[in-house]
Amino acid sequence: MKRILKVQGMKCEGCSEAIEKALEKFDEIDVVTADFASGHVDIESKEEFDLEKAKKAIEDLGYEVEDYEGVE
């Protein structure tokens, strides 16, 4: 399963790394790729995960999750 989140407020590589580290703590999430230039956070998982908890983890860092752009 892959989900793509649109995130506001990422301005540098450090922002991307902070989001990746926060989401890598979730056991259910296999791969996280945050790209500050596009504002996308790609999340890949073999199993279902709590998207609201992932969104809250990003928001707790000070970013805003605008929407969920894709679900596979």
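**Close-up views of a predicted model**

**View 1. Glu48 in the loop between β3 and α2.** Glu48 is found in the loop that runs between β3 and α2. The model is predicted. The side chain of Glu48 is joined to that of Arg3 by a polar contact of 3.3 Å. Leaving out residues up to four places away in sequence, Glu48 touches Met1, Arg3 and Glu28. Val65 lies 17 residues from Glu48 in sequence, and the C-alpha atoms of Glu48 and Val65 are 19 Å apart in space.

**View 2. Arg3 and the ring of Phe49.** Arg3 is placed over the face of Phe49, at 5.9 Å from the ring centre. Arg3 also takes part in the 3.3 Å polar contact with the side chain of Glu48. Val41 counts Arg3 among the residues it touches. As for ring-to-ring arrangements, the structure holds zero aromatic pairs.

View 3. Ser45 is found in the loop between β3 and α2. With a relative accessible area of 3%, Ser45 counts as buried because that value is under 20%. The side chain of Ser45 reaches two backbone oxygens: that of Glu28 at 2.5 Å and that of Glu47 at 2.4 Å. Apart from neighbours within four places in sequence, Ser45 is in contact with Met1, Glu28, Ile29 and Asp30.

View 4. Met1 is found in the segment before β1. Met1 is partly exposed, because its relative accessibility of 33% falls between the 20% and 50% limits. Met1 and Glu47 are 46 residues apart along the chain, and their C-alpha atoms are separated by 7.1 Å. Met1 is one of the residues in contact with Ser45, and Glu48 also touches Met1.

**View 5. Ser16 in helix α1.** Ser16 lies in helix α1. Its relative accessible area is 0%, so Ser16 is buried. A polar atom of the Ser16 side chain lies 3.4 Å from the backbone oxygen of Ala34. Not counting residues up to four places away in sequence, Ser16 touches Met10, Ala34, Asp35 and Phe36.

**View 6. The largest nonpolar core.** This core has 19 residues, and those with the most contacts inside it are Leu5, Val7, Met10, Ile19, Leu23, Val41 and Ile58. At least two core residues are supplied by each of β1 (2-8), α1 (13-24), β2 (31-35), β3 (40-44) and α2 (51-60). The largest share, four residues, comes from α2.

**View 7. The surroundings of Val41.** Val41 is among the residues with the most contacts inside the largest nonpolar core. Beyond four places in sequence, the residues touched by Val41 are Arg3, Ile4, Leu5, Val7, Met10, Ile19, Leu23, Val32, Thr33 and Ala34. Ala34 is also the residue whose backbone oxygen lies 3.4 Å from a polar atom of the Ser16 side chain.

**View 8. Confidence along the chain.** The chain has a mean pLDDT of 92, and 94% of its residues reach 70 or more. Confidence is highest in α1, at 98, and lowest in strand β4 (residues 64-71), at a mean of 75.

Technical notes. Residues are numbered from 1 along each chain as its sequence is written. This is a predicted model: local features need pLDDT of at least 70, side-chain atom pairs count only at pLDDT 80 or more; totals for chains, interfaces and linings use all residues. Side-chain values use heavy atoms; hydrogens and water are left out. A nonpolar core is a set of buried Ala, Val, Leu, Ile, Met, Phe, Trp, Tyr and Cys residues joined through side-chain atoms within 4.5 Å. Buried means under 20% relative accessible area, exposed over 50%, partly exposed in between (1.4 Å probe, protein chains only). Contact means heavy atoms within 4.5 Å. A polar contact is a pair of N or O atoms within 3.5 Å; within protein, one must be able to donate a hydrogen and the other to accept it, and residues adjacent in sequence count only if both atoms are side-chain atoms. Rings of Phe, Tyr and Trp (its six-membered ring) pair if their centres lie within 6.5 Å; planes under 30 degrees apart count as stacked, over 60 as edge-to-face and the rest as tilted. A charge sits over a ring if NZ of Lys or CZ of Arg is within 6 Å of the ring centre and within 35 degrees of the ring normal. pLDDT is the predictor's confidence in each residue, from 0 to 100.
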